Amino acid sequence: MGYTHYWKNDTTISTNDWENSIQTIQAIIDSAEDGLLSEDGEESNKPVINVEHVIFNGVDQDAHEGLFITREPTSFDSCKTACKPYDKYVVAVLMTLAHNCIGFSWSSDGENGDHKEGLELFNKYK
């Protein structure tokens, strides 16, 4: 097992909802003092935030499973962060999508207190 976040998306996210979300997500990712990389954690690859995907991971030993979210419907997806430093960015992104996108919802192995830093990021940039 491990500390994991889960999400589902009932429908394709509208272009308007996605664009509103990725503006906020870009600001959240840009604020990452710890640095974030692409899903594979390779240092030469930067996070991907575009019209179809949001993809990132932590750096080096602070990487675990990469976050990979698309606009397309999914009945179940997940990202195991093992509470590593990039977890707060994962939480903030999931909160952003749930706030902006009809049909997107998320849950977590963690308690509300575990999401404090992610909630602070979300509130700062929403």
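**Notebook: helices, sheet and core of a predicted model**

**Entry 1. Helix 2**

I began with helix 2 and noted that its buried residues are Asp 87, Tyr 89, Val 90, Val 91, Ala 92, Val 93, Leu 94, Met 95, Thr 96 and Leu 97. I keep in mind that this is a predicted model. Ten of the 14 residues of helix 2 are buried, so the rest of the structure largely encloses this helix. I then looked up its span, and from first C-alpha to last helix 2 reaches 20 Å, close to the 20 Å expected at 1.5 Å a residue.

**Entry 2. Helix 1**

Next I turned to helix 1, which covers residues 15-30, has 16 residues and reaches 22 Å between its first and last C-alpha, close to the 22 Å expected at 1.5 Å a residue. Which residues of helix 1 are buried? I found Asp 17, Trp 18, Ser 21, Ile 22, Thr 24, Ile 25, Ile 28 and Ile 29. These buried residues pack against strand 2 (48-49), strand 3 (53-56) and strand 4 (67-70), and also against helix 2 (87-100) and helix 3 (116-125).

Thr 15 also lies in helix 1, and I recorded it as partly exposed, with a relative accessibility of 43%. Thr 15 and Val 51 are 36 residues apart in sequence, while their C-alpha atoms are 8.0 Å apart in space.

**Entry 3. The core**

I then searched for nonpolar cores, and the largest one has 28 residues, with Phe 56, Leu 67, Ile 69 and Val 93 having the most contacts inside it. Helix 1, strand 3, strand 4, helix 2 and helix 3 each supply at least two residues of this core. Which element gives the most to the core? Helix 2 does, with eight residues.

Leu 67 and Ile 69 make up the covered face of strand 4, whereas Phe 68 and Thr 70 make up its uncovered face. I set beside this a general point, that in a regular strand the side chains alternate between the two faces of the sheet.

Strand 3 and strand 4 run antiparallel and are joined by four bridges. Phe 56 has Leu 67 in strand 4 as its bridge partner, and both of these residues are among those with the most contacts inside the core.

Strand 1 and strand 5 pair in the antiparallel sense over five bridges, and the partner of Tyr 6 in strand 5 is Ser 78.

**Entry 4. Aromatic rings**

How many aromatic pairs does a search of the whole structure find? The search finds one. It is formed by Tyr 6 and Phe 76, whose rings are tilted, with 5.8 Å centre to centre and 35 degrees between the planes. Tyr 6 lies in strand 1 (residues 4-9) and Phe 76 in strand 5 (residues 74-80), so this pair ties together parts that are 70 residues apart in sequence. I also noted that Phe 76 is exposed, with a relative accessible area of 52%.

**Entry 5. Two positive phi values**

My last search concerned the backbone, where, as a general point, most residues other than glycine have a negative phi. Asp 60 has a positive phi, near 50 degrees. Asp 60 is in the loop between strand 3 and strand 4 and counts as partly exposed, at 44% relative accessibility.

Cys 83 also has a positive phi without being a glycine, about 60 degrees in this case. I located Cys 83 in the loop between strand 5 and helix 2. Is Cys 83 buried or exposed? Cys 83 counts as exposed because its relative accessibility is 51%, and the cut-off for exposed is over 50%.

Key: Residues are numbered from 1 along each chain as its sequence is written. This is a predicted model: local features need pLDDT of at least 70, side-chain atom pairs count only at pLDDT 80 or more; totals for chains, interfaces and linings use all residues. Side-chain values use heavy atoms; hydrogens and water are left out. The expected span of a helix is 1.5 Å times one less than its number of residues. Buried means under 20% relative accessible area, exposed over 50%, partly exposed in between (1.4 Å probe, protein chains only). Contact means heavy atoms within 4.5 Å. Rings of Phe, Tyr and Trp (its six-membered ring) pair if their centres lie within 6.5 Å; planes under 30 degrees apart count as stacked, over 60 as edge-to-face and the rest as tilted. Two strands pair if DSSP finds at least two bridges between them. A nonpolar core is a set of buried Ala, Val, Leu, Ile, Met, Phe, Trp, Tyr and Cys residues joined through side-chain atoms within 4.5 Å.
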